Amino acid sequence: MLLTKQIFTNSPLRNYTFVIYSNVDGEAVCIDPYSPEQILDFLHKNSLTLTHIFNTHEHHDHVMGNLELKQKTNAKVFAHPNAREKIPGLDGVIEDGMVVFQSENSTLECLDTPGHTLCHHCFLLKEKGDPKHIFSGDTLFNAGVGNCYRGGDAKTLYQTLKSKLLTLPDTLKIYPGHDYFENNLKFAQELEPAREDLKSFATMIRETHSESKPFVSNLSQEKQINPFFRVTQIFHKNPYRFEKMDALLPKTEENLFLHLRSVRDTW
């Protein structure tokens with residue numbers, strides 16, 4: 001069976017590092033290494049051998065452990081084809097739909113998910129062919145989505161979310177690249193202040209979500225708490241939230257999404 005380990009670093013970004021490994025043969029893969037020391041310690045304690053490093057995208061906080069881990073483990077680094085010359089220690093590229101790791105009945109599959117940058121992958125963990133977990137990098141956060149002003153494109157992000165992520169099962173567990181849960185929920189509540197269910201959820205996260213026991217949302221919950229999945233509902237209930245939107249633009253879901261993404265950039 002394929003298992004996952006979630007490691008929090010001491011970074012103010014609270015960047016997650018995921019070590020994914022097989023308990024059959026002891027091989028391990030790592031997604032977005034931020035803290036080599038913690039990863040190496042975890043590998044040692046669990047008698048695992050790191051064979052592959054996968055980067056969701058090229059930003060420094062997702063690749064900064066590549067070279068040290070390569071030097072100490074001889075692991076190979078793989079990332080998006082558009083990330084050539086941008087990823088330290090890159091050994092090869094991986095394409096949309098590729099199975100990049102497997103064990104018994106579990107597979108780790110690469111999804112091309114541009115938007116936050118044009119070099120972005122998410123990684124989908126399937127069990128017996130069914131999607132169960134997604135490591136979403138900076139494409140999808142808890143109650144939020146990635147920004148697009150560091151080499152990305154908001155229209156592309158909208159299409160990625162619509163055509164790739166929102167087609168996955170509601171039971172899919174979400175593991176984003178950073179923990180912005182509480183702040184994103186504050187933004188969501190500002191947009192929909194009358195929602196008691198959202199207030200209750202935010203209180204629960206504030207009181208129970210922690211580094212020792214993180215709350216892992218699923219896609220069904222994200223559809224309820226993530227304002228970027230609710231732009232049409234928010235517009236119909238609180239149209240004044242979009243009063244600064246270009247009046248000539250049709251109020252399509254895509255245009256509402258783009259406006260809300262720009263609002264969040266300066267919130």
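A crossing of two helices is right-handed if the near helix is turned clockwise from the far one by less than a right angle. That term is used in the first two views. The model shown is predicted.

**View 1. Helix α4 crosses helix α9.**
Helix α4 covers residues 154–165, and helix α9 covers residues 253–265. Their axes come within 10 Å and cross at roughly 120°. α4 passes α9 in a right-handed crossing. On the α4 side, the contact uses A154, K155, L157, Y158, Q159, L161 and K162. On the α9 side, the residues are E253, E254, F257, L258 and R261. Sorted by class, this contact holds six nonpolar, one polar and five charged residues.

**View 2. Helix α1 crosses helix α3.**
Helix α1 spans residues 36–45, and helix α3 spans residues 66–73. Here the axes come within 10 Å and cross at roughly 35°. The crossing of α1 past α3 is right-handed. From α1, the contact takes P36, I39 and L40. From α3, it takes E68, L69, K72 and T73. Four of the contact residues are nonpolar, one is polar and two are charged.

**View 3. The largest pocket has a lining of 18 residues.**
Its volume is about 280 Å³. Closest to the pocket centre are F141, N147, Y149, Y180 and R261. Look for R261 in View 1 as well: there it is one of the α9 residues that meet α4. Two elements give two or more residues to the lining, β12 (144–145) and α9. Of the elements, α9 gives the most, with three residues. The lining of this pocket divides into six nonpolar, six polar and six charged residues.

**View 4. The second largest pocket is lined in part by helices α5 and α9.**
This pocket has a volume of about 180 Å³. Its lining consists of F187, E190, L191, Y240, R241, E243, K244, H259, L260 and V263. Helix α5 (181–191) and helix α9 each give two or more of these residues. By class, the lining has five nonpolar, one polar and four charged residues.

**View 5. Helix α9 takes part in a helix contact and in two pocket linings.**

How values were computed. Residues are numbered from 1 along each chain as its sequence is written. This is a predicted model: local features need pLDDT of at least 70, side-chain atom pairs count only at pLDDT 80 or more; totals for chains, interfaces and linings use all residues. Side-chain values use heavy atoms; hydrogens and water are left out. Axes are lines fitted to C-alpha atoms, for helices over the stretch in contact, and angles run from 0 to 180 degrees between N-to-C directions. Helices (H or I, at least four residues) and strands (E, at least two) are DSSP runs, numbered from the N terminus. Contact means heavy atoms within 4.5 Å. Ala, Val, Leu, Ile, Met, Phe, Trp, Tyr, Cys and Pro count as nonpolar, Asp, Glu, Lys and Arg as charged, and the others, Gly among them, as polar. On a 1 Å grid over the protein atoms alone, a cavity is a set of points where a 1.4 Å probe fits but cannot get out, and a pocket is an open set with protein on both sides within 12 Å along at least five of seven lines; lining residues have an atom within 4 Å of a point. Grid points are joined across faces, edges and corners, and a volume is the space filled by probe spheres set on the points.
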